[in-house]
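Hi,

Here is the structure I promised to pass on. Have a look at it first, then read my notes below.

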Amino acid sequence: MRTQRQVVDYSLKKRAVLRELLAGRVGTYDVCDASPYLKNAARFHGEPTEERCPICRSENLIHVHYIYGDELKHSAGQARTLAELPVLAMTLREFQVFVVEVCLGCDWNHLVEQFLLGRDGLAEGGSEQGAVGGVTAPGIGPARERRREAQR
């Protein structure tokens, strides 16, 4: 998404939890504890992935996107489909998205990532124009934009 910024990836935390589980320091019931609300959100609003569950290895994981923000008011904390996020990003100034992976088979769940979306991301200088996936392409950015402005 074009306005995605301040991405926090929790893959290292996930690896640490799985390592603790394999070492026997954490039980399966401690990590496979998805609430009924999370499982329903995964069924009705989740995005299926190709990744297998690291615990049961029998089902694919589902990503659930939860949104939070001041402008959302009563909608804060709701699960939304991936298709709804770009529409919200163009209508709201800023909101936070939490992505949780869920296995409906064994109740595994873990926070995958969090990031900000919204129109405020479009106003952050000219570097968005040359950005692909949040990473600015070499040679394109604020300095090059200023040079273009000076040449005009």
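A quick word on the ground rules: this is a predicted model, where local features need pLDDT of at least 70, side-chain atom pairs count only at pLDDT 80 or more, and totals for chains, interfaces and linings use all residues. Residues are numbered from 1 along each chain as its sequence is written, and side-chain values use heavy atoms, with hydrogens and water left out.

Let's start with strand 3, residues 60-68. (Strands are DSSP runs of E, at least two residues long, numbered from the N terminus.) Seven of its nine residues are buried, so strand 3 is largely enclosed by the rest of the structure. Buried means under 20% relative accessible area, with a 1.4 Å probe and protein chains only.

Who are its neighbours? Two strands pair if DSSP finds at least two bridges between them. Strand 3 runs antiparallel to strand 2 (residues 47-52), with three bridges, and there I62 is the bridge partner of P48. Seven bridges link strand 3 to strand 5 (residues 95-102), again antiparallel, and I62 turns up here too, with V102 as its partner. Strand 4 (residues 79-80) pairs antiparallel with strand 3 over two bridges, one of them joining H65 and R80.

Now find N109, in strand 6 (residues 109-117). N109 counts as buried because its relative accessibility is 19%. Its side chain makes a polar contact (N or O atoms within 3.5 Å, one able to donate a hydrogen and the other to accept it; residues adjacent in sequence count only if both atoms are side-chain atoms) with the side chain of D33, at 3.1 Å.

Cheers

Notes
Buried means under 20% relative accessible area, exposed over 50%, partly exposed in between (1.4 Å probe, protein chains only). Helices (H or I, at least four residues) and strands (E, at least two) are DSSP runs, numbered from the N terminus.
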